[in-house]
Amino acid sequence: MILPRFDYYAPTGLDEALSWLAEHHGSGVKILGGGTDLLVDVRGKIIPDQHRPRCQEHRDGPWLARYAPTESIEILLALSRITELRGIAVEVNCVRIGAMTTITDLERSPVVRTRLAGLWDGARQLGSPLVRNRGTYGGNLCNARPAADTAIPTLALGGRLVLASIRGERTVDHSDFVTGPGETILEPDEILKEVVFDLANDPAMGSAYLKLSNRKALEIAVVSAAAMVTFNSPPAEQGGIKGGVTKSARIALGAVAPTPLLVPEAGEALVGKELDSQSISEAARIAAGVARPITDHRGGDEYRRMMVEVLVRRVLMSCWERALAGTVEEAA
Amino acid sequence: MKRVITLTVNGLSCEVAVEPRRTLAELLRYDLGLTGTKIGCSIGDCGACTVLIDGVPSLSCLVLAMEVEGRDILTIEGLADGLKLHPLQEAFVEVGAIQCGFCTPGMVLTALALLEDNPEPTEAEIRRALSGNLCRCTGYQKIVEAVKEGSRKIQLEKKS
């Protein structure tokens, strides 16, 4: 099945792309990043019934379901030739990641691994190696799925998105960026240029992302959780009890709401307290209470809410361990 | 409307007129007749269409031909030296890592890129690298063994 007909434009500079977009934006114009989501969505699908979601409302119906493409495109604005959009720049107190940086670039970046470990976890678990080689960070964020593997850690790490248009640039928190499944505050003439993370000079900090899924690759999270914890003093192992007074904590959840979900209540519950099993359990309970998952073929709402509690507990432990060790091993 | 693009495929420069909607997999198979690249799912789930773009394993079903203008593509046809198979291909044959063969071109190319990066991978590293290439005959054990054997063969060849 070949793709529907569309036109293609690939400028080599961001300014060129923005001027073009200012003139041509409107229905039928789509921005092409790595194409690993968009080129799937422009294709129609024929799905045998036994492969359709096992939800109540899908139980009847024809044996073969034909789905029209979910995206209809007249012209693609391809960003792949704009070299300034790809790369990871480390500055004195921040890291800037270009929107066209591939997921593999994130996975291989030493600064992402050490300073943005939660994002590193997310990058390592997104799709498959082949998807990660083409798929871009900006694409994963702008596609705005509630379970996006780089979005949840970006939210926990307090990533700020720089949106560019011919009118200028504006910076928004990731928590304000996504408005619904697949929907963002991006104006039709805007392009996501980069994501900025502040590098705070705390005595110790740790971040992590955990994903619950049925298999290790090519999977969408049943539930996922990310956290970033900073400490007033470096944590220490005190007779098996977790120690270290929490300065700040941000906890974000995936696949439990129409958008990636920041749970400020759960993070605030930890501030000024020792990060021990009691405070961790308390934060996890709060997060589970705020989550509002749905039931679909990946999991039931009740199961998901229970798993939120488990995942938040584990992800906070992992933050603590990383802050203690000062190194990053794969979160288990 | 068709546009003319130039790209290098298996070391040969070529000029092809393609529609913007043409994927790289279609360009290779239908315009260049290189049918070694298989189209399985067309949505990036199976990895059968894997080719190397500038050495990076990529899903050619999810890459537009226009996007590879000026790039260097390696398909399975570019691996053998005349009638002499690449050591990694030999390893797949000897170990019995080929059943129906549909996933093999993608498996071999993904494994080749792994061995370029990491000449002596562990079993876990091999399985992780190949996690986007599905084998519906489920011959994964032999495939992993073949990659190990290929690694050994390539090392030997380098020494001699």
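1. A quick definition before the interface numbers: two residues count as in contact when their C-beta atoms, placed from the backbone, lie within 7 Å. Keep in mind that this is a predicted model. On that basis, the contact between the two chains draws 25 residues from chain A and 22 residues from chain B.

2. Who does the touching on the chain A side? β1 (7-9), α2 (38-41) and α6 (129-134) of chain A each put in at least two residues. The biggest contribution comes from α6(A), with five residues. Sorted by class, that side of chain A has 15 nonpolar, five polar and five charged residues.

3. On to chain B. You'll find five helices and five strands there, and reading along the sequence gives β-β-α-β-β-β-α-α-α-α. The radius of gyration of chain B is 16 Å, against 15 Å from the globule rule for 160 residues; those values are close, so chain B is as compact as a globular protein of that length.

4. Along the principal axes, its C-alpha trace spans about 50 × 35 × 25 Å. Of its 160 residues, 46% count as buried. As for contacts in chain B between residues at least 6 apart in sequence, 59% of them join residues at least 24 apart.

5. Back in chain A, have a look at helix α11 (residues 277-290). This helix has 14 residues and runs 20 Å from its first C-alpha to its last, close to the 20 Å expected at 1.5 Å a residue.

6. Which residues of α11(A) are buried? They are A:Ile280, A:Ala283, A:Ala284, A:Ile286, A:Ala287 and A:Ala288. And what do they pack against? The buried residues of α11(A) sit against β17 (246-254), α10 (264-268) and α12 (301-325) of chain A.

7. Why does A:Glu219 count as partly exposed? It has 19 other C-beta atoms within 10 Å, and a residue is called buried if there are 20 or more, exposed if there are 12 or fewer, and partly exposed in between.

8. What does A:Glu219 touch, leaving out residues up to four places away in sequence? The answer is A:Ser213 and A:Asn214. For a distance across the chain, take A:Glu219 and A:Gln278: they are 59 residues apart along the chain, and their C-alpha atoms are separated by 32 Å.

Methods
Residues numbered from 1 in each chain as written. Chains lettered and ligands numbered in written order. Predicted model: local features only at pLDDT ≥ 70, side-chain atom pairs only at ≥ 80, totals over all residues. Helix = DSSP H or I, 4+ residues; strand = E, 2+ residues; numbered from the N terminus. Nonpolar A, V, L, I, M, F, W, Y, C, P; charged D, E, K, R; others polar. Rg over C-alpha atoms; globule rule 2.2 N^0.38 Å. Expected span 1.5 Å × (residues − 1).
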